[in-house]
Amino acid sequence: MTDDPKPPRPPSLKSEARQTNWRRTNLPKYQAHLAVQRALMSGALEKQGCEVCGAAKVDAHHDRYDEPLNVRWLCRSHHVKLYH
């Protein structure tokens with residue numbers, strides 16, 4: 001018997017709401033977001049200040065969704081600027 005945790009199951013997406021449709025069409029992104037949420041809740045990942053300005057209220061930004069816990073912490077302003 002091994003202590004390897006089971007891989008997370010894909011989320012059950014039964015609704016036809018706009019958000020659910022986004023999740024369905026962007027499943028790797030959604031799964032990365034869920035991995036960050038789980039890691040934050042378990043304490044395996046801790047929020048940092050914005051890497052640009054040091055603000056405390058931050059979003060997790062993924063440069064690569066295949067590395068879900070490799071995130072950059074950016075305030076909303078700098079996160080939006082990253083895409084423009």
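In what order do the elements of the chain run from the N terminus on? I read them as α-α-β-β-α. I count 3 helices and 2 strands, taking helices (H or I, at least four residues) and strands (E, at least two) as DSSP runs numbered from the N terminus.

Basis. I am working with a predicted model, in which local features need pLDDT of at least 70, side-chain atom pairs count only at pLDDT 80 or more, and totals for chains, interfaces and linings use all residues. Residues are numbered from 1 along each chain as its sequence is written, and side-chain values use heavy atoms, with hydrogens and water left out.

Confidence. I looked up pLDDT, the predictor's confidence in each residue, from 0 to 100. The chain has a mean of 87, and 82% of its residues reach 70 or more. E2 has the highest confidence, at 96, and H1 the lowest, at a mean of 88.

Of the 84 residues in the chain, 23% are buried; buried means under 20% relative accessible area, exposed over 50%, and partly exposed in between (1.4 Å probe, protein chains only). I then took contacts (heavy atoms within 4.5 Å). Among those with a separation of 6 or more, 33% join residues 24 or more positions apart.

Core. I searched for nonpolar cores, sets of buried Ala, Val, Leu, Ile, Met, Phe, Trp, Tyr and Cys residues joined through side-chain atoms within 4.5 Å. The largest has 9 residues: Val 36, Ala 39, Leu 45, Cys 50, Val 58, Val 71, Trp 73, Leu 74 and Cys 75. Helix H2 (27-42) and strand E2 (71-74) each give two or more residues to this core, and E2 has the largest share, 3 residues.

Cys 50. Is Cys 50 buried or exposed? Cys 50 is buried, because its relative accessible area is 5%. Its C-alpha lies 4.3 Å from that of Leu 74, 24 residues apart in sequence. Beyond four places in sequence, Cys 50 is in contact with Ala 55, Val 58, Trp 73, Leu 74, Cys 75 and His 78.

Val 58. With residues up to four places away not counted, I found Val 58 touching Lys 47, Gln 48, Gly 49, Cys 50, Trp 73, Leu 74 and Cys 75.

Pro 28. I found this residue in helix H2. Pro 28 is exposed, because its relative accessible area is 52%.

I noted the composition of the lining of the largest pocket by class: 10 nonpolar, 6 polar and 5 charged residues. Here Ala, Val, Leu, Ile, Met, Phe, Trp, Tyr, Cys and Pro count as nonpolar, Asp, Glu, Lys and Arg as charged, and the others, Gly among them, as polar.
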